[in-house]
Amino acid sequence: MTSPTLTQATGPAHTRIYAYGAARGENFVTNDDLIEPINSSDEWIRQRTGIVTRTRAVPETSATDLAITAAREAVERSGIDPAKIDLVICATISNARQTPSMSAVVADAIGANPAPAYDTNAACAGFAYAVAQADALIRAGAGTYAVVIGAEKLSDVVDPTDRSISFLLGDGAGAVVIGPSDFPGISATVWGSDGSRADTVSMNHTLIEFRDGTAPWPTLRQEGPSVFRWAVWEMAKVAKRALEAAGIEAKDLAAFVPHQANMRIIDEFAKQLGLPESVVIGRDIETTGNTSAASVPLATHRLLEEHPELSGGLALQIGFGAGLVYGAQVVVLP
Ligand SMILES: CC(C)(COP(=O)(O)OP(=O)(O)OC[C@H]1O[C@@H](n2cnc3c(N)ncnc32)[C@H](O)[C@@H]1OP(=O)(O)O)[C@@H](O)C(=O)NCCC(=O)NCCS
């Protein structure tokens, strides 16, 4: 049987990030606000994690609201007409409803209706995963301008009596616009997963158990020291592989933006990567806390605000977390 030849889409050779947007929870929650039920101290939390405050949203603000605010800023700054956005991907683990997707609601709110829109769940690696998808989809001709957002309201899934992770978590959203480029602006992504360690960072109960009254509201838990060791040893290797995949060396970087999980992990990465003093490191965790999928774009947004001279420089970003999953790539800062 002979059939007519199909037309397959092809896209531009390169993509880049055009602009960033950010939104943080309205309240700065201090360590002192949280220590009593976990028998901790401001000093312990500062020394062991580097966190001084974390931003948490008021009850009326949803993760989707944060995503919309961040996406609007990114689109405005990009100069791209929202009607031309033809792909919206939200990375999130904390959308209050399992369906509809956060992305479809965001696409409509920012004036990008009827753009294809879907959510992606790769926890703290979600932003790196979504950047990889947008880059690949645009270069394949499946879209031209993408909005990629990491958005979380983790305060909905914390247990104030939990010592393992809850006190680290914050609320926020970071967004970018990605589109065609004359030069390579997003390097090959090094990404992967290890589901054999799914239980090391996870919700402690299912929604079904909650519905059936056999468990309380599900909240996040982690095996802190084991995840810490994995992050420091395995993720530093992933970061090095991302540099190799990009064809650059640590000295070529202008910035390093790791997932904002723990300041000690960030310091250890910097050592293992042999980052020169000239590389500016994202340390947004100090005031924002760990916002999972939002943490990398929020940290980058802050770096660009505080160091506008980084514009045009190379940033290595790496996300890692529940799954376990990880993703890293080098991007040219807008
Ligand atoms: C959670 C984390 C901050 C805990 O820090 P840690 O240094 O590993 O702490 P440990 O669990 O080894 O505990 C050390 C001591 O502090 C105590 N401790 C643990 N959690 C505490 C808390 N929240 N407040 C006060 N003390 C605490 C322990 O009881 C232990 O006391 P001991 O020495 O008397 O036995 C750290 O393990 C971490 O950041 N892990 C990785 C996070 C990460 O990368 N996540 C990625 C996915 S988001």
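1. Ser40 and the ligand. In this predicted model, an N or O atom in the side chain of Ser40 is 2.6 Å from a nitrogen atom of the ligand. Ser40 is also listed, together with Arg48, Gly224, Asn262 and Arg264, among the residues that come nearest to the ligand, out of the 21 around it.

2. Other polar side chains at the ligand. Two further pairs involve an oxygen atom of the ligand. For Trp44, an N or O atom of the side chain is 3.3 Å from a ligand oxygen. For Arg163, a polar side-chain atom lies 3.3 Å from an oxygen atom of the ligand.

3. Cover of the ligand. On its own, the ligand has 960 Å² of accessible area. The protein covers 71% of that area.

4. Elements in the shell. Two or more residues of the shell around the ligand come from each of α1 (42–49), α6 (224–246), α7 (263–273) and β13 (314–321). Which element gives the most to this shell? The answer is α6, with four residues.

5. Composition of the shell. Sorted by class, the shell around the ligand consists of nine nonpolar residues, nine polar residues and three charged residues.

6. Domains. The domain assignment of the protein gives domain 1 as 14–181 and domain 2 as 190–332. Each of the two contributes at least three residues to the shell around the ligand. Taken over C-alpha atoms, the centres of domain 1 and domain 2 are 14 Å apart. How many residues of each domain are in contact with the other? In domain 1 there are 52, and these are in contact with 47 residues of domain 2.

7. Leu154: position and burial. Leu154 is placed in the loop between β6 (145–153) and β7 (171–181). Is Leu154 buried or exposed? Leu154 counts as buried because its relative accessibility is 1%, and the cut-off for buried is under 20%.

8. Leu154: surroundings. With neighbours within four places in sequence left aside, the residues in contact with Leu154 are Ile93, Ser94, Leu169, Gly170, Asp171, Leu220, Asn290, Thr291 and Ser292. Among them, Leu220 and Asn290 have numbers inside the bounds of domain 2 (190–332), while Ile93 and Ser94 have numbers inside those of domain 1 (14–181). Asn95 is 59 residues from Leu154 in sequence. In space, the C-alpha atoms of Leu154 and Asn95 are 9.3 Å apart.

How values were computed
Residues are numbered from 1 along each chain as its sequence is written. This is a predicted model: local features need pLDDT of at least 70, side-chain atom pairs count only at pLDDT 80 or more; totals for chains, interfaces and linings use all residues. Side-chain values use heavy atoms; hydrogens and water are left out. A residue is near a molecule or strand if one of its heavy atoms lies within 4 Å of it. A polar contact is a pair of N or O atoms within 3.5 Å; within protein, one must be able to donate a hydrogen and the other to accept it, and residues adjacent in sequence count only if both atoms are side-chain atoms. Accessible areas come from the Shrake-Rupley method with a 1.4 Å probe; for residues, only the protein chains shown count as cover. Ala, Val, Leu, Ile, Met, Phe, Trp, Tyr, Cys and Pro count as nonpolar, Asp, Glu, Lys and Arg as charged, and the others, Gly among them, as polar. Domain bounds come from an automatic or database domain assignment. Buried means under 20% relative accessible area, exposed over 50%, partly exposed in between (1.4 Å probe, protein chains only). Contact means heavy atoms within 4.5 Å.
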